[in-house]
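Trainee: I have a model open and would like to go through it with you. Can we start with the terms and then move to the details?
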Amino acid sequence: MSKSSAPLSLHVDVVRIADAQVVVGRFPSVEAVVRAGVRAIEREHAKFDVLRSALIEGEESGVFEGDPFASVRAELGQR
């Protein structure tokens, strides 16, 4: 992981939004807003990774034989 001591240059719209979050008390600083944004991005990527893995597993499992709706109803104990 790279540690840079250089200040980060943010687009004016990002600064405006981050400043507004600080002003209303949601975050203690613009840096905290940026950290929260990075964490949110990481969570979203983790969700996409799980979804991608599930899609690949489904594609590799082959074609379902029979009535998929009846199978789900049976699995759920419904008619």
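Mentor: A polar contact is a pair of N or O atoms within 3.5 Å; within protein, one must be able to donate a hydrogen and the other to accept it, and residues adjacent in sequence count only if both atoms are side-chain atoms. Helices (H or I, at least four residues) and strands (E, at least two) are DSSP runs, numbered from the N terminus.

Trainee: And what sort of model is this?
Mentor: This is a predicted model, in which local features need pLDDT of at least 70 and side-chain atom pairs count only at pLDDT 80 or more, while totals for chains, interfaces and linings use all residues. Residues are numbered from 1 along each chain as its sequence is written, and side-chain values use heavy atoms, with hydrogens and water left out.

Trainee: Which atom does a side-chain oxygen of Asp-67 reach at the start of helix 3?
Mentor: The backbone nitrogen of Phe-69, to within 3.0 Å. Helix 3 covers residues 68–75, and just after helix 3, Gly-77 takes a positive phi of about 75°.

Trainee: How far does helix 1 reach from its first C-alpha to its last?
Mentor: Helix 1 has 12 residues, 12–23, and spans 16 Å, close to the 16 Å expected. The expected span is 1.5 Å times one less than the number of residues.

Trainee: Switching to charges. How many salt bridges are there?
Mentor: The count is 2 salt bridges, a salt bridge being a side-chain nitrogen of Lys or Arg within 4 Å of a carboxyl oxygen of Asp or Glu. Glu-44 pairs with Lys-47, with the closest N and O atoms 3.3 Å apart. Asp-49 pairs with Arg-52 at 3.0 Å, N to O.

Trainee: Where do Glu-44 and Lys-47 sit relative to each other?
Mentor: They are 3 residues apart in helix 2, so about one helical turn separates Glu-44 and Lys-47. Asp-49 and Arg-52 are also 3 residues apart in helix 2, about one helical turn. An α-helix has 3.6 residues a turn, so residues three or four places apart point the same way.

Trainee: Is Lys-47 buried or exposed?
Mentor: Exposed, at 52% relative accessibility. The classes are buried under 20% relative accessible area, exposed over 50%, and partly exposed in between (1.4 Å probe, protein chains only). Glu-44 is partly exposed at 36%, as are Asp-49 at 44% and Arg-52 at 47%.

Trainee: Which residues make the nonpolar surface patch?
Mentor: Phe-48, Leu-51 and Leu-55, with about 310 Å². Patches take residues with over 30% relative accessible area and no salt bridge, joining like charges within 9 Å and nonpolar side chains (Val, Leu, Ile, Met, Phe, Trp, Tyr) within 5 Å. The areas come from the Shrake-Rupley method with a 1.4 Å probe; for residues, only the protein chains shown count as cover. Phe-48 lies in helix 2 (residues 30–60) and is partly exposed at 47%.

Trainee: What is Val-30 in contact with, beyond its neighbours within four places?
Mentor: Leu-10, Ala-18, Asp-19 and Val-22, where contact means heavy atoms within 4.5 Å. Val-30 lies in helix 2 and is partly exposed at 22%.
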